[in-house]
Amino acid sequence: MSEIVPDRGLLLRNVRFLDGHDVSGAAGDATELFDVLVRDGVIVSIRPAGHGIDEAGDQASMPVADADDRWAIPGLWDCHTHFTQWSATFGRLDLLPARSAHEAMDMLRDYLAARRAQAGRASQPNGLNPNVFVVGMRFRHSLWADDEQPTLAAIDAVSGDQPVALSSADMHCGWVNSAAARRLGVHVGESGLVGELEWFDAYCKLDNAPGAAEETMRLLREAERDAAGKGVVGVRDYEMAENIDTWTRRFAAGIDGLRVEAGVYPERLRAAIDAGWRTGMELPGSRGLGRVGSMKLISDGSLNTRSAYCSTPYSGITPPTYGTLSYTPEQIEDYMRLATDHGFTIACHAIGDEANTIVLDAAAATGARGSIEHAQMLKTADIPRFAALGLTASIQPQHAMDDRDVITRFWAHPAGIPYAFRALHDAGVPLRMGSDAPVAPLDPWLAVSAAVFGTESSDREPFQPEQCLDVRTALTASTAVGRDRPAPGDPADLVLLDRDPYAIRTPEDMRAMPSAVAATMLAGRWTHGRL
């Protein structure tokens, strides 16, 4: 990554804002241009074009860049990621296109054959090693026919003695062969599936395999470049790992293309407290880019694995199931109280309507602040409780696009409202948007498109159009500052766009917005493009 802009600053000329208003909110000409002065990684001033040099100091040495009438917006954030796992998708088998177990195994067979063919080539050294896991990502068996579900026999037949571990799209289960099961220390039955907490533990072991550390660093850099190309300047990382130490090491190694808030899981919370950490503290050596995030607690499962905890049974499932809680209500409350008493905000995963009720009850009992992550199905009575308790709803709109057919299959008679984006907003609940990458791609424009249009294609009707958001609400929910315009005093995190997103009328065009990202600035330095 490039170095931070020196103290002499940078003058960014001829930018415009989305609505033609100046930073004071006064109405202005939609074509009015502004100059933005940046120094020490902060926006110092925003003035009408031609006047921004007044505070620039030594004009002769002041670097100047011309935005050439492009739109400037605050840098975008993905507020829910598993960044290591997302980075891994740049080098692992992606099974998202598979529409059946048979297709998934065909893809695995071809992938293994290609890897074997690479063996011995100096330019392609990544052949198969029987001591190294082959890892695949994002299979969606919830959409597969009943007679096309995963089996241990099928994956063993394709992979043999090569250990293979495949993670589901929602990351709440894995499909492993016998060789991988032995190495991971998990028991698998005829399905070959490993569920929930057992899979979380097993998946973490994959990152400790031989050669994994070097490959991870390469993929992290690639993922940072990809994110910057979409206008992303920051992520909240809820990787199931010791994130504080991990990101401290990464910043020291030069992985510094994004701001990162590093979440802490309940089992590691006491150690973090004893080490003196609390939410918002700066990570050593990060130059202000890394901070300690919230306590991330997973209260229940997921819709796709039929484990999200609901007040009514899933449809079409025998014997009846309501899903599962990952912790008892008492444990959830205890962890929230421990976090709150020691300066940690919460980021609590809750998908089923009953899980959301339990989490809200725990927040009310403990005074916890922070966010409910996902909030995918909510009882009507629980929606205003978010605002009353001072909680943010951290939503992933692309999940609604991925799940709309699953909802019809397994939540045919819900007791609550699935994906209640507009209802939450109308109730005064602050919204924060993300992807849950790698469950969905790390791309805020996909999230904005899904939230605004409710469909991925103009040829398909919107899903729950009454829950769609206006584009300004969706865009501002994808920034750290909660605004669609930068202002003096903000971090110098900017995105320059060749196209006005407020003028877009189709989901296809909104999803194509990364191609309109001309440049991305992080803390006063360019991480994508250069003017």
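Entry 1. I noted that the model is predicted.

Entry 2. I looked up how helix α8 (residues 266–274) sits against helix α9 (residues 329–341): their axes cross at roughly 25 degrees and come within 11 Å. The two helices, α8 and α9, are therefore roughly parallel to each other. I recorded the crossing of α8 and α9 as left-handed.

Entry 3. I listed the residues in this contact. From α8 there are Pro266, Glu267, Leu269, Arg270 and Ile273, and they meet Tyr335, Leu338 and Ala339 of α9. By class I have six nonpolar and two charged residues, with no polar ones.

Entry 4. I searched for cavities of 30 Å³ or more and found four in the structure. Two elements, β14 (290–298) and α12 (397–410), each give two or more residues to the lining of the largest cavity. I found that α12 supplies the largest share, three residues. I sorted the lining of the largest cavity into seven nonpolar, nine polar and six charged residues.

Entry 5. I then turned to the second largest cavity, with a volume of about 60 Å³. Its lining includes Ala400, Met401, Tyr419, Phe421, Phe463 and Cys468. Here α12 and α14 (444–453) are the elements that give two or more residues. I counted eight nonpolar and three polar residues in the lining of the second largest cavity, and no charged ones.

Technical notes: Residues numbered from 1 in each chain as written. Predicted model: local features only at pLDDT ≥ 70, side-chain atom pairs only at ≥ 80, totals over all residues. Heavy atoms only, no water. Axes fitted to C-alpha atoms, helices over the stretch in contact; angles between N-to-C directions. Helix = DSSP H or I, 4+ residues; strand = E, 2+ residues; numbered from the N terminus. Parallel < 35°, antiparallel > 145°, perpendicular 65-115°, else oblique. Left-handed = near helix turned anticlockwise from the far one by under 90°. Contact = heavy atoms within 4.5 Å. Nonpolar A, V, L, I, M, F, W, Y, C, P; charged D, E, K, R; others polar. 1 Å grid on protein atoms, 1.4 Å probe; cavity = no way out; pocket = protein on both sides within 12 Å on 5 of 7 lines; lining within 4 Å. Points joined across faces, edges and corners; volume = space filled by probe spheres on them.
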